[in-house]
Amino acid sequence: MAINSNASRANQRTLAHLRTLRLNLDQARSALMHYKDDRVDRDRLEPAARRVDDLMNLYVTGAQDSARSLAWITEIQVVIDRVTNPKSTRALQATGVEIAALLALVTAAEPKAS
């Protein structure tokens, strides 16, 4: 029973970080809504937001696929690193904190090779 309880708590922590990451991405995109020149960076963030949604769906269903999670988190990080518009800097810096926390949670949940 303790294993299920620990897994559930880790799952809830992961979901909390994913919600915060999604909120930060929304804030970054909102900062880029006012000018035509911002559109390129705003559009770059859309696939990252969709990947966060995919991760949330993965964890809501209880399917903890560490390999897929790590691949998607890396994909999100690559997209975020390509955004250079200073208007979204603060929100994107906050995404870095959440991504680091997610990476720590996912790697801690990986089964250890014996």
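Helix H2 has 22 residues and spans 31 Å from its first C-alpha to its last, close to the 32 Å expected at 1.5 Å a residue. The model is predicted. Just after H2, Gly62 takes a positive phi of about 90°.

Now look at what H2 hides. Its buried residues are Asp41, Arg42, Leu45, Ala48, Ala49, Val52, Leu55, Met56, Leu58 and Tyr59. An α-helix has 3.6 residues a turn, so residues three or four places apart point the same way.

Arg42 sits in H2, which covers residues 39-60. Arg42 is buried, yet it has no salt bridge. The nearest side chain of opposite charge is Asp43, 4.4 Å away. A salt bridge needs a side-chain nitrogen within 4 Å of a carboxyl oxygen. Leaving out residues up to four places away in sequence, Arg42 touches Arg29, Leu32, Met33 and Tyr35.

Move on to H3, residues 66-81. H3 has 16 residues and reaches 22 Å between its first and last C-alpha, close to the 22 Å expected at 1.5 Å a residue. The buried residues of H3 include Leu70, Trp72, Ile73, Ile76, Val79 and Ile80. Ser66 and Ser69 are buried too.

Step back to the whole chain. The secondary structure comes to four helices and zero strands. The C-alpha atoms fill a box of roughly 55 × 25 × 20 Å along the principal axes. Of the 114 residues, 36% are buried. Among contacts with a separation of 6 or more, 73% join residues 24 or more positions apart. The chain carries 16 positive and 13 negative side chains, and the centres of the two sets lie 2 Å apart.

Methods. Residues numbered from 1 in each chain as written. Predicted model: local features only at pLDDT ≥ 70, side-chain atom pairs only at ≥ 80, totals over all residues. Heavy atoms only, no water. Helix = DSSP H or I, 4+ residues; strand = E, 2+ residues; numbered from the N terminus. Buried < 20%, exposed > 50% of the residue type's maximum accessible area, 1.4 Å probe, protein only. Lys, Arg positive; Asp, Glu negative; His and termini not counted. Contact = heavy atoms within 4.5 Å. Expected span 1.5 Å × (residues − 1). Charge placed at Lys NZ, Arg CZ, Asp CG, Glu CD.
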